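Please have the sequence and the model open beside you.

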Amino acid sequence: MTTKPIPSPPALPLLGHVGTGAIDPTKPSVSFRLLREKYGRIYKLNLVGQMLVPCSSQRIVNELCDESRFHKQVHNGPLDHVRNGAGDALFTAYDGEENWGIAHRILMPAFGPSQILGMFADMLDINSQLLLKWQRFGPDVAFDPTEDFTRLAFDTIALCVMGYRFNSFYYQDMPPFIGAMARFLTESGIRFQRPKFIQSWMTNTNMRYEADIKLMVDVCDQVASDPGKKDLLSLMLDGKDSTTGRGLSDENIRYQLITFLIAGHETTSGLLSFTLYHLLSNPSAYAKLQEEIDTVHGTDAITVQHVAKLEYTAAVLRESLRLNPPAGGMALCSRKDTEILGGEYEVHKHWNLLIDIYGLYRDPEVWGDDAEAFRPERMLKDKFDALPPNSWKPFGNESLMMLATLFQRFDIRFDDPSYQLEIKQTLTTKPTGFKIHAIPRQGARSIIGAGLPRVDVPIATNGPAAALANGVATSKGTPLHVFFGSNSGSCEGFGQQLVSDAPTYGFAATLAALDSLEDPTKILRDGPVVIITASYEGQPPDNAVHFVQSIINMSPDSRPMQGLKFAVFGAGNHDWARTYQRIPKLVDALLEELGAERLVPLGEGDAGAADLFDSFDVWEKNLWPALGKAFSTTAPTADTAADAEDDLVVTITGIARNSRLRQPDLDQGRCIENRVLTAPGEPEKRHIEFSLPQAMEYRPGDYLTILPLNPPESVARALSHFKLSGETQVAIKSKAPTTLPTDEPITLHALFSEYVELGQPITRRVLDDMIRYAPMDGPEREALDKTVSDAKIEIFEKRTSVLDLLERHPCLEVPLGQFIRLLPSMRVRQYSISSSPLWKSNHCTLTISVIRGPSLSGGNDDFVGVGSNYLASLRPGDAVALAVRPSAVKFHLPTDVTKPIVMFCAGSGLAPMRGFIQDRAEQLAAGRQVGKTLLFMGCRDPEKDFLYADSDLARWMESGAVDIRPAFSRHSDLSQGCKYVQDRLWKDREDIRALYKQDARFYTCGMSPMANGVRQKCIEIIAEARNYDLAKSEECFQKIAIERYSTDVFG
């Protein structure tokens, strides 16, 4: 049989992979993951001559579980060192060791169903001690669940197995046994990789190790000598093996006790802790689990019969165990001198063959492409039963019971909603730094998934350039690496523009999100790096969070970015003056501080002004010469119209009756309801409800990102200009990477509808390109020159598009291909969600303004907002390409639902506030106590555009969920003389002061004039209350705003 070598990293002589950095002894699971991703699902490591072969393919693991070919391996592995404390107990005995067989036959009957049933009361006893502790400390205390679950599991094992009470919940400090055990396991795992001659020199470490073993032995001797109830320990002390007639020695009993205490409590505490993290990070799973618990046993005490019915709860535990198995590996070895694995890999008798459980539980052949996602549905009975053999290892009932009683009694919340999972590893794994609040549930009707914080930082690229992320440039030239950080798609669009232009300047460019870089220090130095990123209230975009944090954490002493040549362009909004351009400036400064070389000054664009795109064009114009000089590339030659046209070749291929269907990169939702909220003749506002894809979740304050279609009238204008039918098919070829559909026919109607921005305001760069297609002279050229000479007023301030200019000056004979080339890619639009998942976990709503009115650029056609008019046109049942995007961390409800909130909004700025109110209304209806919710809302007329006044808001006011203070700009006599929101804020400032003293959180959403007015009145309130001048009051306001004032400003 032909075999092939097992992949392996580069190694050192004699030491093999020890000292190469292949394995980090403090985080081996991370090392194994990186090795698995690099070398595949089977690879080989040489640890000072001892071979270790991790395997994570279910197909290979299934072979390894064949006991006729392979057996448990303890020799020369971590468990061999654990034997120093656990001897020849069940988990650490060598294959064939006699005491293993004796202990197995004596103890196995004690784990039958009836015996487990007999332990139920003792499990519930310890369980209640944890619940009582959390209830007595109350909702304001942040608990470390890992610590308390360790106490729970430790005390449960001791009581159920040994009939002994450690009573760890009655002491502030953890039992000494637990500390000694953790140190012992950590050191045993490290010794496995440490050469023996080095180990002998580590005197202090060795003394600590021996002392920890002695402490564990002493504790177990104390337990064994206790005269009380023994349970399983009685079997060890008195039981006889049915085969040999022999019992267990005192020494082996000690080893078995140590093993039970280690293995039982380590794995259970880790499983429960990881499960809480995943539930808090996935609100829909939380809601489903709590709903099942409420349905199955309500407020009744849990029984064994209840446990059997908790199918979704069991699925949650299985899925958590899959993503974060507390024990990450199982070692085996071959019974024969050689074996063939997977039909192609030869292994030898004394090699350690490690079942990499972390990898096994992520094998895409078993778990699919979403193996990294937390999705309990995959673990429900039918799907679970259908899993391939040996793709799963089970767990016990004590975790399920704990979870059921915990969620019966408490609502659980993150202490820090931005917490990202960090793992502490000994021989097992647990979360570290993870803290929660346990809020006692009240009322006859139980709350489901209330106000759950969510950590969803999208790493994959989104929007029109998604297909290019990590792509390979198609043209020849010096490599250019373009990275973007973008939520709305503007910075991604700028990146695409650079990629498209790169071949002209001698560069071959690729485009990717910043968070696609696992290790920023490993960015290739073979060409320049251009970073285009936005800043959102001083925070990085969702797909740049990890990159920014990585470079913040780097030490400049080692100059990790030396040799990198870079440029940064930033997009910000001047409405957030305090944090304007914070992230671009931070990235630009840190890269230089870390040793990289800046090629051009930081570029800045203001999304709150009209010149964002022009600012980028000016910066790009200066960028190319700097890149060319730094990397000696060929400067561009003067383009002719023919040269430019040749860069994008469009060939008419025929007519088709039906438009080509576009496959969006976003998930598919459906429109459920679409209705107008305003009276006829008023600026149109709409309420639109969507059903979300199964795995999509949100929380109040998040955004719904929509990939729209261009308005039909805009598409018709473009087709009319070129005198072509919408059914005309074209085939597109491009020299540079593009988001356009290439090398396959598409109708012009589909192309203009789906792929390009027809209404995007023209930039100076595009204008210069268009002028080349004008006649050299004549009256039409004179009229054009007059317009261009006053371009600031006549073109840019009027937000004129390419299509507008072509219609105004027909002498511009821009060819079809060049017209398409000049248009930006269709970008996503982002809208605040106006609902709460507590209302419907798989539905959300938007509350939007429909933008339509006279065009500033003149002409007979109105300006039609792309996103809002697309949404307005949706009918129930229509499919929509959409995705949920988290808002800024602060723009969410406080974790403590009893804290007051104060909201300021006008018009469709009500959207996120409606979600907040609905969330609290649902909690209130469920019997929860919620804090005061105060809404300041501006509109024109109480009869015409007071959104939801006669429906949701009226109902929520009646229930006490919200107190509304309106301001009617056209009928101020009906709003206590207040015309605008800021006027009503000032009038009711005493209420504001009172709620501030109650630790209220404040939120503003709407157009910048309203937001600025509210901000100014808040400053004046501070000035009045503290007798400050305005400058000092503003300084005070800025400090308060960091923690308690959040804004979402647009326009």
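The largest nonpolar core holds 73 residues, a nonpolar core being a set of buried Ala, Val, Leu, Ile, Met, Phe, Trp, Tyr and Cys residues joined through side-chain atoms within 4.5 Å. Buried here stands for under 20% relative accessible area, exposed for over 50%, and partly exposed for what falls in between (1.4 Å probe, protein chains only). Inside this core, the residues with the most contacts are Leu64, Trp134, Phe149, Leu341, Leu406, Phe407 and Ile412. Take Leu341: setting aside neighbours within four places in sequence, Leu341 is in contact (heavy atoms within 4.5 Å) with Ile42, Cys55, Ile60, Glu63, Leu64, Phe70 and Val347. Another core lies apart from the largest one; it has 38 residues, including Phe722, Val730, Tyr773 and Leu803.

Before going on, a word on the model: it is a predicted one, where local features need pLDDT of at least 70 and side-chain atom pairs count only at pLDDT 80 or more, while totals for chains, interfaces and linings use all residues. Residues are numbered from 1 along each chain as its sequence is written, and side-chain values use heavy atoms, with hydrogens and water left out.

Now step back to the whole chain. Its secondary structure comes to 37 helices and 33 strands, taken as DSSP runs numbered from the N terminus (helices H or I, at least four residues; strands E, at least two). Of the 1051 residues, 56% count as buried. Among contacts between residues at least 6 apart in sequence, 76% join residues at least 24 apart.

Thr405 gives you a look at such a link. Thr405 is found in helix H18 (residues 397-409) and counts as buried, at 5% relative accessibility. Not counting residues up to four places away in sequence, Thr405 touches Leu124, Asn127, Leu131 and Ile302.

Next, look at a pair of helices. The axes of H19 (residues 490-501) and H22 (residues 612-631) come within 12 Å and cross at roughly 35°; the axes are lines fitted to C-alpha atoms over the stretch in contact, with angles from 0 to 180 degrees between N-to-C directions. From H19, the contact is made by Phe494, Gln497, Leu498 and Asp501, and from H22 by Leu612, Phe613, Phe616, Asp617, Glu620, Leu623 and Trp624. Ser500 also lies in H19; Ser500 is partly exposed, with a relative accessible area of 24%. Leaving out residues up to four places away in sequence, Ser500 touches Ala736 and Pro737.

Which backbone angles deserve a look? Phi of Arg799 is near 50°, a positive value in a residue other than glycine. Arg799 sits in the loop between helix H28 (791-796) and helix H29 (802-808), and is partly exposed at 42% relative accessibility. Gln976 also has a positive phi, near 55°; its place is the loop between strand E31 (963-968) and helix H34 (981-987). With a relative accessible area of 47%, Gln976 is partly exposed.
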